[in-house]
Structure formats: structure tokens, C-alpha cells
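Thanks, everyone. I'll keep this brief and stay with how the two chains meet. Here is the model on the screen.

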Amino acid sequence: MSKNGSEGRKSGQKLLYRAKSYFSVQANVLIVLFAVLLLVATAYPMFSVIRSSLTAGQMEAMMYNSLFSTKLKTGDFTWLNFKMLLTRGTGMMADWSVMQFWKPLWNSLRMSTYACLIAILIGGTIAFLITRTDIRCKKFFSSVFIFPYIMPSWTLALVWKNVFANSNVGTGVVGMLESLTGICVPAWVVYGIFPCSIVMGIHYAPFAYILIGGTLRNMDANLEEAATILQAGRGRILRKITIPIVMPALFSTVLLVFSSTMASYAVPVFVGSPANFFVLSTRLRSLYEGGIYTGQAYVMTIALILFGMILLGLNTWFTGKRKSFTTVTGKSGQVSYIKIGKFNYVITVILVIFLFLISIFPIISFALESMVAKQGDYSTLTLKYWLSRTEISGYAVAVGNGILFNRNILNALWGSIKLSLIVSLIVGSCGVLIGYAVARKRGTKLAGLVSGLAFFPYLVPSMAFGAIFLAVASKLTFLRGTLLLLIIVGGIKYLPFATRSGTNAMMQLSGEIEEAALIVGASWPKRMLRILFPIQKSAFISGYLLPFVSCMRELSLFVLLTKSGTLITTLLSYFDEKAVNQMSNGINLLIVIIVLLVNFTTNKLTGASIDKGVGGN
Amino acid sequence: MKKTLSILIALTLCLGLMLPMVASAETDVEKAIKEAQNMTWDELLAKAKEEIGDGELGIMSTTSRVINEESFTKLTGIKLAEGSNPNDSKIYELMEGEIGAGLYTADVILTQDSFMLVNKAVANGWVLNYVPKGLADIALESDLNPLVCTYNTRLFFYNDGGNKEMKLYTNVWQLTEPEFAGMEFKNPVDEKTSMNCLITMTSEKYQAKLAEAYKEYYGKEWVSDGTYMNIAYEWIHKFIMNCTFINKDSTIAKDIADGAPGSSGLFVFSKLRSVDPTNITCSCYDDIQGFAGFLYPIYIQIAANAKYPYTACLFVNYCTSVEGYTNVWGKDMGSYSVNPEAPISENAKSFGDQPLAYWQDCAIVEDPVHLQNVYAFAYTQIAMWCASK
């Protein structure tokens, strides 16, 4: 008995010793801490989505009882949401699943694939040109290329429509291209999958640019130099060295762009629906907001999450399979630029024109539209919508003073800035820590779990996410209508941005760098703050800036949780809905300016910024 | 043992008898509504002022017009809290998430969609009905429970290119023909008032109107070939397949105003405020056989857990009074008070607007009773057609 007791004590001590030893490593503490936090933060939304898909809502019970002669009561368990949406029915319902789910799903997959290809092609090419060649105007290209991501995607769709609409399409509204050149593009250019893919591709190209560019910039030049010495051609170097090294960034881009495009609603509605091009997200929103078949909307949410998880799984499998993606070894600071010689001028001019069209032109358009008294008539330009100190009349609703003297707009703007700053600070810091923990514990199940969980919120459509947290707030009433609730929701939703950039950056860092610091006795905070963070500053800063940008222009996520005057985007949506075009265009411009100012200030204070992070200096 | 058992049974029976009494006990809000129904404006104003003090009345409304409305404050001295103006689906979601959970969200709620109002908000007891003293004597009985605040119109419009003699279409069946393909319309699955009016069309009253228009246009009686349940379904299906779905009424109004002559759409009348109406013609009763568009109600209800029920009742009195309608809705076209004494404005008339009775005669009027009977089949069928475009 006493022998057993002593053995038990010994094994207890052994366990305690093991635990002590395990938690003496900072990466282990972090990975366990975040695993617990993320499980709590993601389990409820997931549980909520699954439960809603498997229960009959009040309206669904009424509908199913009437259509299928069931005897469902509100809250009863049912497979009917899945059955009706995913399987072929009979009679009137024969094509319900095809029309509501399978066809829109196919359209979503096509649109997302094209958007990914376009984003990688544009973003990757520009990142390569800026970081690896001697092209001119790098600073300009680098600065303006992030604009399309700063602007809400639907505003780009609106600009597209305003440019390409013509007398042969729809009601025959004459767009800018036709009025300037007389050219009428075919209807498929104006509406349908083509503009949807292009607009989404352009909107998310800065993702590819930031992620791929960050890797290219930090790439060890010795690798390419060694290949050059061995007389490998440029194409071979690109295929065998450059592309494999940017693979993690490429996968992250595909993951982010594909998931975002699958869940995007506004662009397909603006330039897709008029050509009867419907995608899963538009169907999801219709069913969800219709309030009748909401359970089926949750089934669609699960489908979107599943697609994201498959991509995430592929990403994890790929990054786990490769032994190392280390590009920063601390051994080389040299970057050799490819000389593009006589093509330099031509490529520069093409890029200037291209970037003007996708980045500058929409901003000019917002500015002009915010200053014309009569839409489309540029002889009525006035500054009153910006500078009037008295109530502006002529609208169906009260709008108040000019934008710069409008108390409601300024309050909402401050609300958004405050929220975005807090969210980005929290999320960015968590991203660095998660990145560190995942990179150091790479290959372990816990690292895979944390990496997956941190990405999970990205896969849940914003709309559903907002509704889930409205339900949370009705239970935790102290959160209702507070900034804290918005911070929690925004923080969880945007964690994937910071985690992706944090993990990518940490994955590139060779363990030898930290080991060297450890040998000379540097403490963990010192190693993080004085060594690791400064080396990958650009990538980490983008982990702070991306949540800031996303939060500044987010609408669907917050719309249920706050009033229309709290945030600038909810106010923008209000003005847009009420057709107060000058104000909505002006607010759009304000959002772009604020984000650029934050980027500029960050650059001045820290020496880093989104664009500089990929070699704009 | 027997004694204990009989005491327990007696206690259970007593409790059983008392429970319905507890369940039917009047809440403070119900009590206030009952009292307010018999109060004059001045009596209710005094009671409301006493109740609210320095507090603010909360309004949640699908229409932006009542949000932050200053005329009520000017008249009564009672302040309104910063209003919230979500769309209908969000209003029902907020009611379910907040009032349903016993949490305050607003005192007064203005919302559309009679089917959801009756089957969700009223059925779950999230809102209570209140009819101001005197209104019951002059308004239609069908508009009193739940109380309609105003009616709104969604009408057929087309671009006439400045030619006011132009008659683009004269019969609703023309709108199902290929030459009118591309008429802009908000997807009824996303716009429940349109969905409800389409479902209402399947009632016998509107089937008869459609049959009459069919005979006039095609020169023969409509005979079922078994494809459609009735004539209304045929019109709805063909019309939907002929339409282009645009996500906002204001965009449709703009597209028609800036578009080519002959372009047409079905949109909310009041959106004409946001565009240059010079080239737009409203195809109303005289021009089009069948119907001129849709007429749908905006209901005004008191939240079951209102903080200031007397003040909420006072606000309902104001909104349904001649003065309230004139100040809040009367300036523009497209909204009509449930109070027959409240006239539409001269400005509205200048846009060709007509009184409520006119639209009740020539438009499809959302009918909550018919909706209740056919909703499941009709909604699913129409949603199916909308998806199959």
C-alpha cells in the first residue's frame, strides 16, 4: 500500500515536473493560452450555427407543417433545413435545392477561383516588380496599390457600373466610357460573373501584394545569387527558388481571397444580380433576411465554413509538409534587383495607367460625386456638402451640416477610428504572439489547432457572426450596445489577418536567431521586442494595419449590434439607403483619407507601413 | 400520509387555478394602453410628461421619417432618444433577440410586413396594439388591429423622354411580354412588402381584376391549362422572369430617371424625391388596366416592455393625427395617413399623387387575412421562381 502510495506520489511529482518544464517555455504557455481562449471564442458561434441549422424556427415550423404536413413546433430538432436545401424535392419543390444552393454554389466557386487568380496575378506581379526589379516609381506604386483594399468593395462595383453602363444595357443609363468615347461595351462586361470576378480580384489584389511582397522582400538573396553563379536562367530561378519560397504567402492569399470572395455579398448584388448571376452569399442573405427559411441560411453558412476549412486544411497540410520556409536567416541583407533595361519605361507607364484606373480614379470619382449638386452634371460643382455650417436642404431626410461641420458624421467617424484602433492593437499583438507560438510549435497538434481556430472566424459570414453575438449580448446584458461588444466581435473576426501575417513572418525567421539571443542570456520579452519584432517589423505591422483597415470599412458585422449613428459605415449605409449621394461619397472619401493618414503616421512613427513593408522605400 | 397527500392535491389544485390568473395579470404597459385609449390628447400629454420627466422616448422604425422627428418635441416638449432605423428583417431580429429576451429596445416600433408582424411580433407578445381615442370612429376597422400608421405606394413608372403624351403600357399583361423584359424591380424575396402584395394578388378579388385585364389584352378568357394554380400565379411567374432585379428602390428610380425613354420599373413612389422626375411618368389607374402597383401598410405598435408606455401612446396619437401626418409624412408623395381627415400635401399632388382611397381602388392592397391562408405555398413558389431566373 505504502509502496503504491509512494509510486503514486512519484508519478504525480513527475507529472508536475513535466508540466513545470513544459510551461517554462514561453511558446508552450502561449499556445495553451490561445488554444483555450480561441476554443471559447469560436465554440459558441459554431455551436450556434449548427444548432440553428438543425432546429425549426418559428416561421420554418409554420412553413414545413403546411408544406410537408409535419407537426413541428418552434425549437424542434429537424433535418428538413438540410433536406430541402441539399436534396432534390418533388412537385413545386423539385428544383429548390438546385436553384437555391447548387447553382449559386457553382457560381460562387467560379467567381472565387477567378478572383483568386486575378488577385494573385495582379498583386504578385506588382509585388515582384517592386521588390525584385529596378522598376521606377516604386514608392508611388507601393503607396497607391493598397487603395482598392481600403475602399469598400461595393464602391468599386459602383464605379465599375458608372464607367461601363451604356445605352445598350439595362435602362440605358449612359456611363462615363460611352459619354467620353462613344464606346458601348457588351452587357457581359457590365453585369455578371466577369465584373464580379474582376472587382473582387482588384479589391483583394493588395492582399496578394502585401503577403507575397513581404516574403519576397525578406527573401535571402544568397539563394538567388547562388543560382545565378550556377548559371541558372531567370525563368528557372523563378520556378525553382522564388515561387517555392513564396508558396506559404501564396497559399495564405488563396485562403483569404477565396474565403472573402465566397462570403462577399455587395459586389455580386451590384454587378451580378442584374444579369441574373446569383451566388451563395446573395442567396444566404436573402434567406436569412427574409426571416422565413433562416435555418437554410445557416446550412449555407456551414457550407461556406466547410469550404474554408478544406482550404485551411490544404494550407496547413502544405506548410506542415515543407520542412522549412525560412527566408530570414540573418546572414544576408543584400537584395539584388533584376534589371529590366529597355522595358523599364514601358512597364512603368503601363503600371501608372493601370494603378490610376484602379486606385486613383475611384477616389477622384468619390470626391467629384461629393461635390456635385446634380449627379452627373459637373457644372454644378460646389463645396457646400463639405463646408456648409448650416443645415443642407434638398434631401428626403435631415442630413445636417456639411461633412466637415456635421456633428453626427464627426461623432460616427471618431467612433469608427476608436473602435478600429483598439481592435487593431489587440488583434495585432495577439497575432504576433500566436504567430510566434505556432511557428515555434510547428508540427504539433496544438499548433495546428490554434492556427485553425484563429482562422475560423474568417470563415463565418459577417452577417451571421453579428447575429450570433446579438444573441450573446442578450444573455450577457452588460455588453449590449457597448463599445466593448464591438471590440470583442471585431477582435475575434479580424484575428485571422494578424495571425496569418504573424505566422508567416515567424515561419520565415530561422530559430537560430532566437537561439543566439538565448545563448547571450536575453530574456523572452527582450528577444521578442528587440530582436524578432524589429526583424519582421513590416510583416507584423501589416498584422496591425489590416484589421484597422477592415474594421474602418466594416458594415455587416456591426449593423445589428449598434445604431446607425455610432460608426461611420453604418451612417454611410444610412445615407446610401436614403440616396443622399453627396454625403455617402464624401464619407467614402473620408474613410480612404483616414486610413491613408494612419498608414502615413505609422510610417513616420515606426518606419513601417503596409506599402513600405513590401519594398516601397 | 393520506392527510399529507390530500393537502398536496389541494395545494396543486389551488396553484393550478391561480396560474391562469397569474399568466393573465395585466402588465404596466397593458394597463397604460387601456387607460390611454380613453384619454384626450391633453390628459395623455400630462400623464406622459409626468411619466417621462427628463427621459427620452425610444423609437425603432423601418421608415426614417419619424426618427429624430423634431415636430413632436416642439409640440410636447418631450425628447426623443437617438432613433434607430434598421430594415424590417433587422427589426424582427432585434425584437426577437431583445424584447423576446425581456430586454428594452425601444418604446414605439414602426414596421412593415403584416405576416411577420402577426405571426412573430404579435404572436410572441413582443408588441401591443393601441388605438388612439377617436381614431376608431373614423378609420377603417381593418386598419385598427394591428394599427396601421400610414400606407405607402410602390408603382409602375417609366421614362417618357419628356413626352407626357407617351403611354408606354396600358395593361399589366404587357409587362409579362418579351418587349418589356428588363423592367427593374427589387427582388421580392428581399422586399417583403412586394412579396406580400404578390401573394395578395392570388386572392379572388385580384384574380378577377387580372382576368378582366387578360380578356381586354388578349381578347379571350383566361383558361387554366394546368400549369398554374390560378391566373395570378401565371402573371407573377411571367412578370418575375421578365424583370431585372435591382437591390434598392432608390437605384431603380435613378436608373429610370437617367435611362433611355421606354425604360421602366416598379419602385416606391417616395423615391421620386431623390431623383430628377422630369422624364418620369407614373403609370397609374387611368393608364394601366389591371392595377397600378402595390399599396402596403406601415404599422405602429407599442413595445411590450416599453419604458414609457403613456408617452409611447402619445407618440402614436401624434403620428396618426392630422398635424403629425402633415409634419412627418405630408410634405412628400407616396405616404397616406390611416386617418381619413389627413390630406395629402400640395407638393405630393404636384407629382400626381392621389388620396389613399384612390390607391386602395387601383393598387394591390396587402391583405393580412389572405396572406395567413396561402403564405407557405405562395411564398415558397414565388421564392422558387425568383431563384430560378
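This is a predicted model: local features need pLDDT of at least 70, side-chain atom pairs count only at pLDDT 80 or more; totals for chains, interfaces and linings use all residues.

On the chain A helix, the contact is made by Q58(A), M59(A) and M62(A); on the chain B helix, by F115(B), M116(B), N119(B) and K120(B).

Now the interface as a whole. Chain A puts 50 residues in contact with 57 of chain B. About 4600 Å² is buried between the chains, and carbon and sulfur atoms give 58% of that. Which three residues supply more of the area chain A buries than any other three? They are M92(A), T171(A) and R480(A), with 14%.

On to the polar side. There are 10 residue pairs in polar contact between the chains, counting pairs with both residues at pLDDT 80 or more. The rule finds 1 salt bridge across the interface. The side chains of E289(A) and K90(B) meet in a salt bridge at 3.2 Å, N to O.

Last, the chain A side. Elements giving two or more residues to it include helix 5 (96-132), helix 15 (280-290) and helix 21 (462-475). The largest share, 6 residues, comes from helix 3, where we began. By class, the residues on this side divide into 25 nonpolar, 14 polar and 11 charged.

Methods
Residues are numbered from 1 along each chain as its sequence is written. Chains are lettered from A and ligands numbered from 1 in the order in which they are written. Side-chain values use heavy atoms; hydrogens and water are left out. Contact means heavy atoms within 4.5 Å. Helices (H or I, at least four residues) and strands (E, at least two) are DSSP runs, numbered from the N terminus. Buried area is the accessible area (1.4 Å probe) that two parts lose on being put together, summed over both. A salt bridge is a side-chain nitrogen of Lys or Arg within 4 Å of a carboxyl oxygen of Asp or Glu. A polar contact is a pair of N or O atoms within 3.5 Å; within protein, one must be able to donate a hydrogen and the other to accept it, and residues adjacent in sequence count only if both atoms are side-chain atoms. Ala, Val, Leu, Ile, Met, Phe, Trp, Tyr, Cys and Pro count as nonpolar, Asp, Glu, Lys and Arg as charged, and the others, Gly among them, as polar.
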